[in-house]
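Colleague: I would like to learn how to read a strand and a pocket. Please take me through them.

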Amino acid sequence: MTMNSLKEKINIERLPQHIAIIMDGNGRWAKEQGKLRVFGHQNGVGAVRAASEACAELGVKYLTLYAFSTENWNRSQFEVDALMRLLSKTMSEELKTLNNNNIRLNAIGDLERLPKSNYEALMKTIDETKNNDRMTLTLCLSYSGRWEIAQAAKKIAEKVKSGEINIEQIDEKCFSDFLSTNDMPDPELLIRTSGEERISNFLLWQLAYSEFYFTEKFWPDFGKEDLYAAIVDYQNRERRFGKTSEQLKENK
Ligand code: IPE
Ligand code: IPE
Ligand code: MG
């Protein structure tokens, strides 16, 4: 930690409850050093640990990480296999840390597409951390926003068909209840590393009013101070939700 940590500039009273991160740039980070992309993924695990710890220490309740998208299945078999092996290894190695830090693990996405061993390792860690309540760490695996929205539409259609819900009952609240994030608030802050400024099919519904923060840093280099910087930046924004700045000041 540096002498003057940005942590001191954070207003704990106005912390985001939910931070979502698109962890990008592992491949380029490795390439810069003449290494294989997989080396970047391996070094990305440390950044996951740092971000989780920093959020839990501050009191952020939900941290959601985009780890593997639906589209990432289209990468080379070599890279996909390496990522899956890394996931299994991380699951078994981090269980203790999760429990020591009172962090509950959660996963969203089309998890049935994961190799069986990964699926089982994941479910085991989820089960063994289910009573932790300091923070929920959600890994988005084989996840995409459009997939999730289509899934929700399908589930609602089934309920309408069986007569459990009426068409008139379908509103934004009802729709949200059928998303895999139904037990969390929407992220107030979205962070994307590596200089790319796009959403890449991440939480399309949930990010409707999130503040976006982009940094040039590649994911393996993203540390606690970088997270604090993102939160400080977020706290300097005015979230208007369609209203005017004047209205917000009057209602204060
Ligand atoms: C993010 O890093 C991790 C995953 C998508 C799994 P990338 O692998 O996308 O790295 P870049 O963007 O190619 O540098
Ligand atoms: C988004 O990163 C997905 C994850 C971080 C897991 P990508 O690197 O796959 O995104 P694009 O394809 O460059 O937009
Ligand atoms: Mg990328």
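Colleague: Which residues are buried on each side of strand 5 (residues 189–192)?

Modeller: In a regular strand, side chains alternate between the two faces of the sheet. In this predicted model, Leu-189 and Ile-191 lie on one side of strand 5, Leu-190 and Arg-192 on the other, and all are buried (under 20% relative accessible area, with a 1.4 Å probe and protein chains only). Strands are DSSP runs of E, at least two residues long, and helices runs of H or I, at least four, numbered from the N terminus.

Colleague: Which strands pair with strand 5?

Modeller: Pairing requires at least two DSSP bridges between two strands. Strand 1 (residues 18–22) runs parallel to strand 5 over four bridges, and Ile-22 has Arg-192 as its bridge partner. Strand 6 (residues 211–214) is also parallel to strand 5 and joined to it by four bridges, with Leu-189 opposite Glu-211.

Colleague: How much space lies in the largest pocket, and which helix gives the most to its lining?

Modeller: A pocket is an open set of points on a 1 Å grid over the protein atoms alone, where a 1.4 Å probe fits, with protein on both sides within 12 Å along at least five of seven lines; lining residues have an atom within 4 Å of a point. The largest pocket holds about 930 Å³, the space filled by probe spheres set on the points. Its lining has 42 residues, with Met-23, Asn-26, Val-48, Tyr-66 and Ala-67 nearest the centre. Helix 3 (77–100) gives the most, nine residues. Elements that each supply at least two include helix 2 (37–58) and strand 2 (62–69).

Conventions
Residues are numbered from 1 along each chain as its sequence is written. Chains are lettered from A and ligands numbered from 1 in the order in which they are written. This is a predicted model: local features need pLDDT of at least 70, side-chain atom pairs count only at pLDDT 80 or more; totals for chains, interfaces and linings use all residues. Side-chain values use heavy atoms; hydrogens and water are left out. Buried means under 20% relative accessible area, exposed over 50%, partly exposed in between (1.4 Å probe, protein chains only).
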